[in-house]
Amino acid sequence: MKEAKLTVLQRIGLACLWHGARLFALLPYWFKYYAVENLLYFLLFRCIRYRRRVVTTNLRNSFPEKSEAELRTIRRRFYRTLAEMIVDTIDLARIDERKVRRLLEIDDYEGHARATQGRDWIAMMAHFGCWEYCSYWGFYDPSHKVVAVYHPLRSPVMEAFYRRLRNNEAAVTVAMKECLRFYLRHREQGLDGRRMGLGLIADQNPPLRPDSRWFRFLNQDTIFFDGGEKLALRCGLPVYFVRMERLRRGRYRMSFELIYDGEEQVAPYEITERYVRRLESMIRERPELWIWSHRRWKRKRPHAAR
């Protein structure tokens, strides 16, 4: 997909941002992840107090069983994660297979490759840790190309910047509203002679519809995007939950857990339910790695709002 047309000032801003990120990526690991990350953490947590009220409210509602001291510890660690993710993301301005293998380990990659050989599949991911790493499994798998499904940003400069970060020889980005058409158009031939792995971040806050399905998630009524389930059922695609484990600063381990084989007869929303339960379990294990600054629960279940 082509970048939207930018004004002269926007092109200048994008060039400064992109080349600045490229220079940043050349800095040594210790400087990026100890000097810069620590400074960002101090600014976000102590000075700007970025969305402190939203974070605190989300944590209290999600973990009513935890003490205020425990919640403060999670909140502090979350801001550390947020600072680290900023560094992670900027650092991706220079990416290649060698660097990906330093940043990301994949559990039982060979077994997963055998299970998906010759067929397309769906990976359901979340805003957990550095989710930008989730699309880099394509560097491990020469037989598949990652289709990273995303929501376009409002800022045309930031939209163009992130597209440059995310598009590479192993992955291509596709806006969510175009995902189905894109897949149906390319499902026969594939992409560049490769089958497709469609990566969907499914924990965002979707528009509320009259038929929206509500799930009990982190002690609250919550709606989820169900596009992954609909695509899987329509096209007979297996679905995997992507589990992320942080090893140390800027380093992660990924694993794929099969939640639908592409053939099983399931009840409506069963695939999404399986995703929700695994996501909740992962968050409870390492709550500081999820993005608590999103206004995830701004929409309320109708009967609860009255």
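How many aromatic pairs does the structure hold? The count is 25 aromatic pairs, taken from a predicted model. The points below go through some of these pairs, then the charged side chains and the backbone.

1. Tyrosine 109 and tyrosine 140. These two rings form a tilted aromatic pair, with 5.9 Å centre to centre and 50° between the planes. The pair joins distant parts of the chain, 31 residues apart: tyrosine 109 belongs to helix α6 (residues 109–115), while tyrosine 140 is in the loop between β2 (121–125) and β3 (144–150). Tyrosine 109 has a relative accessible area of 17% and is therefore buried. Tyrosine 140, at 11% relative accessibility, also counts as buried.

2. Tryptophan 121 and tyrosine 240. Here the geometry is edge-to-face, with 5.5 Å centre to centre and 80° between the planes. Again distant parts of the chain are linked: tryptophan 121 lies in strand β2 and tyrosine 240 in strand β8 (residues 239–248), 119 residues apart. Tryptophan 121 is buried, its relative accessible area being 0%. Tyrosine 240 is buried as well, at 6% relative accessibility.

3. Ring cluster. Phe63, Phe215, Phe217, Phe224, Phe241, Tyr275, Trp290, Trp292 and Trp297 are linked into a cluster by ring pairs. Phenylalanine 215, one of its members, also has a charged neighbour: arginine 213 lies over the face of the phenylalanine 215 ring, at 5.7 Å from the ring centre.

4. Arginine over tyrosine 140. The ring of tyrosine 140 has a charge over its face too, with arginine 101 at 4.3 Å from the ring centre. Tyrosine 140 thus takes part in the tilted pair with tyrosine 109 and carries arginine 101 over its face.

5. Arginine 251. Which side chain of opposite charge is nearest to this buried residue? The nearest is aspartate 91, 5.8 Å away. A salt bridge would need a side-chain nitrogen of Lys or Arg within 4 Å of a carboxyl oxygen of Asp or Glu, and arginine 251 has none. The residue is part of strand β9 (residues 251–260). With neighbours within four places in sequence left aside, arginine 251 is in contact with Tyr29, Arg102, Leu103, Glu245 and Arg246.

6. Hairpin of β6 and β7. Strand β6 (residues 214–217) pairs with strand β7 (residues 220–223) in the antiparallel sense, over 4 bridges. Arginine 216 stands opposite aspartate 221 in β7. The hairpin has 2 residues between the strands, and leucine 218 takes a positive phi near 55° in it.

7. Positive phi in two loops. Most residues other than glycine have a negative phi. Arginine 49, which is not a glycine, has a positive phi of about 50°. Arginine 49 sits in the loop between α2 (29–47) and α3 (52–62) and counts as partly exposed, at 45% relative accessibility. Aspartate 192 likewise has a positive phi, near 55°. Its place is the loop between α8 (179–186) and β5 (195–201). Is aspartate 192 buried or exposed? At 63% relative accessibility, aspartate 192 counts as exposed.

Terms used
Residues numbered from 1 in each chain as written. Predicted model: local features only at pLDDT ≥ 70, side-chain atom pairs only at ≥ 80, totals over all residues. Heavy atoms only, no water. Phe/Tyr/Trp six-rings, centres within 6.5 Å; stacked < 30°, edge-to-face > 60°. Buried < 20%, exposed > 50% of the residue type's maximum accessible area, 1.4 Å probe, protein only. Lys NZ or Arg CZ within 6 Å of the ring centre and 35° of its normal. Lys, Arg positive; Asp, Glu negative; His and termini not counted. Contact = heavy atoms within 4.5 Å. Pairing = 2+ DSSP bridges.
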